[in-house]
Amino acid sequence: MRSKTGLEFGVLGPLQVLADGRLVQMGRRGMRGLLAMLVVEANRPVSIDQIVDALWTEQPPATARTIVHGYVSRLRKVLEEADPAGSATIRTTPTGYELTVDPWRLDLHRARQLVASSRGKPAAIRAGLLREALGLWRGPVLSDVPGDPMTSDLEELRLSALEERIDAELELGRHLELVGELRGLCTEYPFRERLVAHSMRALYRSGQRADALEAYQRFQRRAVDELGIDPGPQLRALHEQVLRDDPSLSVIGPVERPVAPRAGIVAPALLPASATRLFGREDDTSWLDEVVTARNLLATAVAVLTGAPGVGKSALAITWGHENSDMFPHGVLFASLGDTEPGEVLTRFLVAMGVPADGVPVGVEDRVGLYRSLLHRRRVLVVLDDATAFDQVQPLLPPGSGSVVLVTSRSQLERLVVTNSARVRKLGPLDDDSARALVDDVLGKPLSDEDPAAARKLAELCGGLPLALRVAAAKLVISPEWTVEELVGELADDGQRMRGLDLPEAGLGVSRALDLSTRDLPSELGEVFQSVGMAPGRWMSPHAVAALTRTRVESARSRLAQLVGVNLLVEPWPDGFTMHELVRLYVRGAGRADLDSLRRLVNYYLVACDHVRRAIRPVRDGLDFALGDNGSTALPEFGDPIDWFDQEWPNIVAVVHAAAERGLHDQVWQLVRLLHHYATARALTGEWVALVGFGLAAAEVTGSRLGQVLMLDTTYTTNARLGRAVLLPDARRAHRLATELGERQYLVLTLAQLADVLFRLELHDEALLHFWESVQLAQQSGDVVGEAHGLNNVAQVEQARGHVEVALRHQSHAVDVYRRSGDDLALMRGLANLAELHLQAGALDRAEALARQVVDQASVAEVTYLEGFGRHVLGGVLLRRAERVAAAAELTEALRLYAQVNSARAVEVRTLLDSLSSEV
């Protein structure tokens, strides 16, 4: 609906820009030409090539693109100064520019809407709407702009509206007044056959039969002489009618109904035909039934059905209306709102209730008053489909008496809830069974029985969206040569799916529905919508969106919430925003995410992961993105750091893959390394192993010594935890690179790694040498955790050599150092090793106490491997005490936990359980 403030644009005449009603000077002709193109193509991208071709119809200068960029920059400045509120903005697109503006601020949009609204109306209303449309033309279209501003369509629109207006006035019997006007128009536009036909009718009805015949003959001669064609069949038929004085030519359409029904007596029934059946909407229809049953019969009940485009809101409203129309004895009114003004809908409703067309009040407020008066103490159902705003709905609400208003909208219309106690129901996609049943219904055969796998896959690819399901099934009906397998194959290709779910000739499809939902999005919401759709991963947080769009977190959160409000996004949990898969494909169909956006997202995750990982355990790798960012990136809030990583894991994996594909190799290895603590705590396996491979390869591509040292450390830790081979050449390479770096903290890491590999190869003396060297370096550099790790590893070697008492002494020392370090996870591991040593030494009470402490702490912290290790030791203690049943229970649970993390210790536990079973 037209705004009364801000910018308005006129192209139906010389280019005109108004700011709050005042004329804005646009400067140079080139700027005006560019703006004219953007206005004519408003809310659609215009490529730079198109702009250049239009502004320079012959040979453009070599600097044409630079000139265009300069024009855009100056236009943006002019528009911003004229309207700081930003009611119209020029947005940069991948190929050019786009003017983002409410269509009602454009005179050509208002003209088109008036012409469209006139169709099917009574002649008097039709003529009035068309006169209003034609009144928007201020002169020759864009006569003051250079080049080719694409005006042919607008001129055709004017002439079509002119012909339609004359047709309506002929129907009203105004032929005498039209004769002179038509004579001039036929002279100006000699080859428009419809104008010639109108002129012949007006002349004939005015008693000028000979002039009517002369008008035809004049056109025929000119068409033959200049165009080499004969008049068309309709004009020839009209000529024959004039020759034989056909009586039908004298019949003038009625100005008003011969017998007008009494206003208020007619019970309108305006609902369009409903779908054959609804599927999966039993709960939703029950909800509507409850709203109606519980309504106050002295008031008007309002129910709003909201949901994503194509989810079936209209089908549910119309079908429910048909099934329950008997509850409303005074009729059912229906209007498809879209961009329609309330005044136009009121006119339609009043005429449907028996008000003569010329009896409809001119003023909208008067129409509202008459509408409410006619419906006073009458019970009707009013179905308002595709409402876009509260102001559109409010004038159409009937007074009390138990009437019901059923509104469908892509937004939630919160003001209706506040002002009219509206009830709101959000529709979701169909479940699998309902989706397959809908496909069967459209196909007219039970595909779900004949080919259940294909039916299930088809429903999955359509995301349970009724519109998508109907279009897909319709394609099989329309093109029987297609097999279900071929259709599923096309839809399975993400690049083709949206095309496969559109019927262009029918004007139906998922993309069309989404076009309607997104065309009027303000630029700031459009940017967020594009960001969420283009970003790798399945959901986005406000913090990630803020980083992507370079705005504050609160602004990002507000914009995300607004997109949820218009059902383009979903918020399945607080601050978690995602979109339907088909909506995501729709966004991605517009192009590829730019590299700068990906860099901003990767940078956010580097800072965020670094920030959160520090809450898991102390950091020893020297990477410091959180502190080094200097507060530029808003840090995410979290309770349990493991929970944060659990939730973000799919997004981070997707970001790593996307960064690798676009060649951001430094960021790839850095991001993988930042996941090291989380992966160890969670004992991650398959996907993590692949990610570690990505990280190491990326570090090798960049040649970064630090990256290779850290990724070799992560590779070694992961392989050791999973019982996979750890390679001595890799360990020696890591230590060589650390030596070249010359920093103690990395020497401590690589010495421990090298020593552990030697230990696994049973080269105990060499392993001890390197472990003690790592302890000394850690002490010198103040690396408390590294010192404790070294002591823990020394104890492990001594244990393997059979020196249990020596091992106990070193392990106890390691635990004491771990307590000082603040690394709770490492402390748990040290306590588990200490418990195992006490068991081996025969100190069963001490071993049991430590093992139970580890089980309790690991269970709370959800560290699966260490809980299994603690139960393993506890089972050994109970076995030594001959408590076989209790031991079997602990060992069985340990085996289950080890199996979850693919631990090599599972073999040892299974052997113990087998021995227990054989003894029984």
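Residues are numbered from 1 along each chain as its sequence is written, and side-chain values use heavy atoms, without hydrogens and water. In this predicted model, local features need pLDDT of at least 70 and side-chain atom pairs count only at pLDDT 80 or more, while totals for chains, interfaces and linings use all residues.

Reader: In what order do the strands of the five-strand open sheet stand?

Author: Helices (H or I, at least four residues) and strands (E, at least two) are DSSP runs, numbered from the N terminus. Two strands pair if DSSP finds at least two bridges between them. The pairing in this open sheet is parallel, and the order is 8-9-10-7-11.

Reader: Which strands stand at the edges of that sheet?

Author: Each edge strand has a single partner strand, so one side of each is left without a neighbour in the sheet. The two are strand 8 and strand 11 (423-427).

Reader: Is strand 9 largely enclosed or open?

Author: A residue is buried under 20% relative accessible area, exposed over 50%, and partly exposed in between (1.4 Å probe, protein chains only). In strand 9 (residues 381-387), six of the seven residues are buried. Strand 9 is therefore largely enclosed by the rest of the structure.

Reader: Which residue in strand 10 is the bridge partner of Val382?

Author: Strand 9 pairs with strand 8 (residues 332-336) in the parallel sense over five bridges, and there Ser336 stands opposite Asp385. Strand 9 also pairs with strand 10 (residues 404-409), again parallel and over five bridges. In strand 10, Leu406 stands opposite Val383. The partner of Val382 is Val405.

Reader: At about what angle does helix 12 run to strand 10?

Author: Contact means heavy atoms within 4.5 Å. Helix 11 (residues 282-293) lies across strand 7 (301-307), strand 10 and strand 11, at about 175° to strand 11. Helix 12 (residues 313-323) lies across strand 7, strand 8, strand 9, strand 10 and strand 11, and its angle to strand 10 is about 160°.

Reader: What is the volume of the largest cavity?

Author: On a 1 Å grid over the protein atoms alone, a cavity is a set of points where a 1.4 Å probe fits but cannot get out, and lining residues have an atom within 4 Å of a point. The lining of the largest cavity includes Ala308, Pro309 and His580, and helix 23 (510-518) and helix 27 (581-588) each supply at least two residues. A volume is the space filled by probe spheres set on the points, which are joined across faces, edges and corners. For the largest cavity this is about 40 Å³.

Reader: Which helix gives the most to the lining of the second largest pocket?

Author: A pocket is an open set of points with protein on both sides within 12 Å along at least five of seven lines. The second largest pocket has a volume of about 1300 Å³. Of the 45 residues that line it, the closest to its centre are Tyr716, Asp756, Arg760, Asn793 and Arg829. With nine residues, the helix that gives the most is helix 38.

Reader: Is Asn793 buried or exposed?

Author: Asn793 lies in helix 38. Leaving aside neighbours within four places in sequence, Asn793 is in contact with Ala752 and Phe771. Its relative accessibility is 17%, so Asn793 counts as buried.

Reader: What is the relative accessible area of Arg377?

Author: Arg377 is in the loop between helix 14 (364-374) and strand 9. Its phi is near 60°, a positive value in a residue other than glycine. Arg377 is exposed, and its relative accessible area is 67%.

Methods. Axes fitted to C-alpha atoms, helices over the stretch in contact; angles between N-to-C directions.
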